[in-house]
Amino acid sequence: MQKTGPFHVLIAAAGTASRFGSTLPKPYVNFCGGPLLRRTLGIFLSLRDVASLRVIIHPDHIGLYEGAVQGLDLPPPIMGGSTRKQSIYYGLKSFSNPSDEDKILIHDAARPLVRPADILSLSAALQDHPSISLAAPVVDTLTRHDGSYVDRSGLYALQTPQGFALKALLAAHEKAGDRDFPDDTSLFQAATGIAPHLVMATGPNFKITTQQDLPMAEALLSSPAAFSTRIGTGFDVHAFDTGGDHVVLGGVRIPHSRALQGHSDADVALHALTDAILGALGDGDIGVHFPPSDPSYKGMDSAHFLKFAAERARQRDGTIENVDLTIICESPKISPHASAMRQNIARILDLPLNRIGLKATTTEGLGFTGRGEGIAAQAVASLKLPV
Ligand code: MG
């Protein structure tokens with residue numbers, strides 16, 4: 001697991017996009033059913049490590065901006081300048097007291113395809129490098145007008161996000177003065193001599209430049225070929241204690257004459273579900289991520305484990321399609337609590353209720369569950385992940 005850390009985000013949306021050719025400025029055109037800018041913001045807003053997110057806009061677009069971000073929890077926008085460089089400088093200046101540890105990712109609003117997993121790789125790279133950029137190897141043959149060819153080996157196209165030590169980038173901008181640069185990594189390199197560390201994009205991340213790019217990007221996001229279905233199963237057992245007054249199942253506290261033994265709250269149902277999601281991701285199991293030997297998990301609400309598994313899916317750009325759970329015990333009776341459990345699981349996973357299956361069964365008095373020695377649960381999860 002790569003080490004990431006908190007980072008600030010500046011979204012550049014102040015351009016007038018002369019090449020785009022639309023009456024509506026590019027950040028506000030319809031893309032996948034909403035403003036393009038909102039789609040790009042959504043990618044960052046879903047990430048836990050984002051310490052703050054600020055958007056730089058064109059002063060003429062304030063009304064469009066307010067409509068596009070309605071309902072999102074964002075600070076007021078920053079008004080851009082007459083060039084991209086000036087706009088980014090204003091964005092950097094908006095941080096009143098940056099510390100040496102502050103990191104920043106700068107991203108173009110017009111790149112709505114960037115993958116969360118790539119953003120997290122950038123965040124990890126930022127721990128070790130003061131200047132980084134998402135990049136892709138140049139695959140096209142390159143030629144000049146005079147007919148001479150450019151060797152493309154070792155050539156990379158720089159994309160965004162680009163990431164920096166915030167204070168160092170601000171200093172580089174101040175040093176650059178009025179000189180113009182194609183991007184922030186070149187400006188940073190001119191000021192410090194430090195070339196960007198490149199992180200390869202794992203998927204298409206092109207910039208929406210013309211009207212024709214919009215349907216192409218939408219098709220990429222919705223193409224069934226871009227995703228595969230993953231299935232995972234989970235199984236867990238907890239033994240009854242000799243005493244107690246309740247058990248916790250599916251996050252619901254159920255009065256019972258004996259508690260379940262376990263390090264956390266012993267919620268066997270949520271443990272099985274957590275393992276099913278981790279299984280679909282091929283990402284170990286609950287014991288790997290939360291070792292029982294670690295005292296900090298004692299008595300812990302198992303919703304924490306399930307949330308963690310859902311977050312791991314999101315970090316891989318995955319979505320949980322549905323989960324299904326069977327609780328196996330003679331007692332307590334599950335049916336009076338099944339609805340509350342489903343609602344609880346739906347809330348934790350942020351899924352509609354009809355994607356949560358929950359059943360209970362006895363084993364007709366047979367085996368350890370039949371003898372009332374404990375409760376078992378089995379679960380299955382179906383996920384959609386980028387290929
Ligand atoms: Mg367990």
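A: One term to start: a nonpolar core is a set of buried Ala, Val, Leu, Ile, Met, Phe, Trp, Tyr and Cys residues joined through side-chain atoms within 4.5 Å. Buried means under 20% relative accessible area, exposed over 50%, and partly exposed in between (1.4 Å probe, protein chains only).

Q: What am I looking at, and how are residues numbered?
A: This is a predicted model: local features need pLDDT of at least 70, side-chain atom pairs count only at pLDDT 80 or more, and totals for chains, interfaces and linings use all residues. Residues are numbered from 1 along each chain as its sequence is written, and side-chain values use heavy atoms, with hydrogens and water left out.

Q: How many residues has the largest nonpolar core?
A: It has 48 residues. Leu 249, Ile 277, Leu 325, Ile 327, Ile 345 and Leu 349 have the most contacts inside it. A contact is heavy atoms within 4.5 Å.

Q: Which element gives the most to this core?
A: Helix H8 does, with ten residues. Helices (H or I, at least four residues) and strands (E, at least two) are DSSP runs, numbered from the N terminus.

Q: What does Leu 325 touch?
A: Its contacts include Ala 269, Ile 345, Leu 358 and Ala 377, leaving aside residues up to four places away in sequence.

Q: Now the metal. Which residues are the protein donors of the magnesium ion?
A: Asp 236 (OD), His 238 (NE2) and His 271 (ND1), lying 2.1 to 2.3 Å from the ion. Donors are N, O and S atoms within 2.8 Å of the metal (3.2 Å for Na, K and Ca); water is not among the atoms, so sites may look incomplete.

Q: Switching to charges. How many salt bridges are there?
A: Eleven. A salt bridge is a side-chain nitrogen of Lys or Arg within 4 Å of a carboxyl oxygen of Asp or Glu.

Q: What does Arg 84 pair with?
A: Asp 184, at 3.2 Å, N to O. Arg 84 is in helix H3 and Asp 184 in helix H6, 100 residues apart.

Q: Is Asp 184 buried or exposed?
A: Buried, with a relative accessible area of 3%. Arg 84 is partly exposed, at 32%.

Q: Which residues are linked with that pair in a network?
A: Asp 108, Arg 111 and Lys 207 are linked with Arg 84 and Asp 184 in a network of salt bridges.
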